[in-house]
Amino acid sequence: MARLPYVTAEQLPESERGLFDDIRERFGRVNNIFRVLAHRPPLLRHYLQFGVGLRHMTQLDPVLRE
């Protein structure tokens, strides 16, 4: 169980609500880790960029990456 409450799209500032739409489009749903990180939308945005960069923009062997 998380120590922080999960953020819903309605709780995000109006200007940040597209974040959850982008996550749903990319992953099919908004996982709880994203809902916790959404307490700080800039942090969530950077976390997503880091994950995409790590997964798709590196030369790491897939077995090592996992």
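Asp21 is located in helix H1. Helices here are DSSP runs of H or I with at least four residues, strands are runs of E with at least two, and both are numbered from the N terminus. At a relative accessibility of 47%, Asp21 is partly exposed. That class lies between buried (under 20% relative accessible area) and exposed (over 50%), with a 1.4 Å probe and protein chains only. Asp21 and Pro62 are 41 residues apart along the chain, and their C-alpha atoms are separated by 28 Å.

The structure is a predicted model, in which local features need pLDDT of at least 70 and side-chain atom pairs count only at pLDDT 80 or more, while totals for chains, interfaces and linings use all residues. Residues are numbered from 1 along each chain as its sequence is written, and side-chain values use heavy atoms, with hydrogens and water left out.

The chain holds four helices and zero strands. Read from the N terminus, the order of elements is α-α-α-α. The C-alpha trace spans about 40 × 25 × 20 Å along its principal axes. Of the 66 residues in the chain, 23% are buried. The accessible surface of the chain is about 5,400 Å². Carbon and sulfur atoms account for 55% of that surface. These areas come from the Shrake-Rupley method with a 1.4 Å probe; for residues, only the protein chains shown count as cover. Contacts, meaning heavy atoms within 4.5 Å, were also sorted by separation in sequence. Among those between residues at least 6 apart, 41% join residues at least 24 apart.

Helix H1 covers residues 18-27 and helix H3 covers residues 41-56. Their axes come within 11 Å and cross at roughly 25°. H1 is therefore roughly parallel to H3. The axes are lines fitted to C-alpha atoms, for helices over the stretch in contact, and angles run from 0 to 180 degrees between N-to-C directions. Angles under 35 degrees count as roughly parallel, over 145 as roughly antiparallel, 65 to 115 as roughly perpendicular and the rest as oblique. The crossing of H1 with H3 is left-handed. This term applies if the near helix is turned anticlockwise from the far one by less than a right angle.

From H1, the contact involves Leu19, Phe20, Ile23, Arg26 and Phe27. From H3, the partners are Pro41, Leu44, Arg45, Leu48 and Val52. Eight of the residues in this contact are nonpolar, none is polar and two are charged. Here Ala, Val, Leu, Ile, Met, Phe, Trp, Tyr, Cys and Pro count as nonpolar, Asp, Glu, Lys and Arg as charged, and the others, Gly among them, as polar.

Val7 lies in the segment before H1. Val7 is buried, at 5% relative accessible area. Leaving aside neighbours within four places in sequence, its contacts are Leu12, Phe20, Arg35, Ala38 and His39. Val7 and Ala38 are 31 residues apart in sequence, yet 6.2 Å apart from C-alpha to C-alpha.

Val30 sits in the loop between H1 and helix H2 (32-37). Val30 is buried, with a relative accessible area of 6%. Not counting residues up to four places away in sequence, Val30 touches Phe20, Ile23, Arg24 and Arg35. Val30 and Leu19 are 11 residues apart in sequence and 9.7 Å apart, C-alpha to C-alpha.

Gln11 is also in the segment before H1. Gln11 is exposed, at 54% relative accessibility. Gln11 and Pro41 are 30 residues apart in sequence and 11 Å apart in space, C-alpha to C-alpha.
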